[in-house]
Amino acid sequence: MSDVPFTTTRLAGVTAGPVRRPDNFSKHAKGSIHDNATAQGLGFKGGTVAGNIHFEQFPPLMAELFGRAWFQTGNLSLYFLSPTTDGEPVQVFARDPVVRPEGGLRAEVWMEDSEGRRVCEGTAASGPPDLESALRQRLKAVRAPEDLRILRNSKVGDRCLDVPARLELARNDNRLEFITEPLPEYLDPSVWGERVAPPAIAIDAMREVEKPLFRPEDGFVGLFGAIEVQWLDGPVFMEHDYLADGTILALSESPKTEVAWFESTLKDAADLREVSRMILMTRLLKGSSPLWT
């Protein structure tokens with residue numbers, strides 16, 4: 001967590017957030033891509049900061065661009081390009097928003113490291129659900145796989161319904177000690193009526209569909225390739241009962257990875273009101289699996 005307040009600068013139609021140094025919160029997860037030894041053995045420079053952690057750097061910028069309503073009906077759609085390691089400095093940027101024909105606004109957004117490489121890029125929006133977001137555009141170009149081994153038990157269209165999801169404070173409060181951009185509503189329930197879940201934790205709730213949705217072969221290392229969150233009637237709250245529905249949207253591959261895209265919709269367990277929707281793409285590293293080595 002940074003002690004430096006969130007401030008922005010603006011130049012030539014681009015708004016930049018402050019430089020931050022995200023914590024690799026999962027650095028001690030042995031055998032994962034966040035563990036230095038495992039990541040370096042797979043050709044990375046070190047354990048990677050998870051994409052959902054980078055997500056947490058954007059909300060203050062979203063509030064500045066779109067207003068507080070972004071937390072209720074906004075969208076953030078990011079494709080990850082260049083992994084970063086623990087404490088590596090990064091900065092978020094956004095171009096001036098443009099008006100969407102269907103209502104609301106849309107802006108190009110991205111994150112850069114200290115050398116100007118793009119860590120991630122995509123779109124952010126306010127207003128109605130963004131059906132032309134960065135990830136929905138990328139989904140249109142996904143090519144069918146020729147050889148899936150880790151994901152051979154999965155197929156496009158597989159679904160799961162009503163998976164319980166509850167974000168317990170006891171399991172997640174320590175995240176707030178390391179959060180990249182703290183906001184008052186993450187601690188103070190008076191802001192929205194309940195304590196708001198930071199993006200990485202809200203994403204965890206929507207990821208509850210992964211186990212029932214996928215049946216991957218054991219023995220692989222994966223990493224996030226893209227995440228989009230669409231708030232439908234947000235925010236997502238801590239200590240609140242939800243149900244999640246999941247669908248596999250696409251399967252693909254590259255020379256080094258097998259790729260899975262899925263969508264998850266989070267519903268309030270009490271009234272089945274749709275609260276948020278996520279598209280997540282994960283890359284399963286072929287070099288980590290005995291099925292490929």
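The model is predicted, and the values below are computed from it. Its largest nonpolar core holds 63 residues, one cavity of 30 Å³ or more is counted, and the second largest pocket has a volume of about 400 Å³.

**Nonpolar cores**

- Within the largest nonpolar core, the residues that touch the most other members are Phe-58, Met-62, Leu-76, Ile-227 and Val-236, while helix H7, spanning residues 199–206, gives the most to this core, with six residues.
- Once neighbours within four places in sequence are left aside, Met-62 is in contact with Gly-67, Trp-70, Leu-76, Val-109 and Ala-124.
- Another core, made up of nine residues, lies apart from the largest one, and includes Leu-135, Leu-139, Val-259 and Trp-261.

**The cavity**

- The largest cavity contains about 60 Å³ of space, and among the residues that line it are Pro-59, Trp-70, Tyr-186, Trp-231 and Val-236.
- Sorted by class, its lining has 11 nonpolar residues, with no polar and no charged ones.

**The second largest pocket**

- This pocket is lined by 16 residues, and Arg-143, Ser-252, Glu-253, Ser-254 and Val-259 are those that lie nearest its centre.
- Strands S10 (241–253), S11 (257–268) and S12 (274–285) are the elements that give two or more residues to the lining, and the largest share, three residues, comes from S11.

Notes. Residues numbered from 1 in each chain as written. Predicted model: local features only at pLDDT ≥ 70, side-chain atom pairs only at ≥ 80, totals over all residues. Heavy atoms only, no water. Core = buried A, V, L, I, M, F, W, Y, C linked by side-chain atoms within 4.5 Å. Buried < 20%, exposed > 50% of the residue type's maximum accessible area, 1.4 Å probe, protein only. Helix = DSSP H or I, 4+ residues; strand = E, 2+ residues; numbered from the N terminus. Contact = heavy atoms within 4.5 Å. 1 Å grid on protein atoms, 1.4 Å probe; cavity = no way out; pocket = protein on both sides within 12 Å on 5 of 7 lines; lining within 4 Å. Points joined across faces, edges and corners; volume = space filled by probe spheres on them. Nonpolar A, V, L, I, M, F, W, Y, C, P; charged D, E, K, R; others polar.
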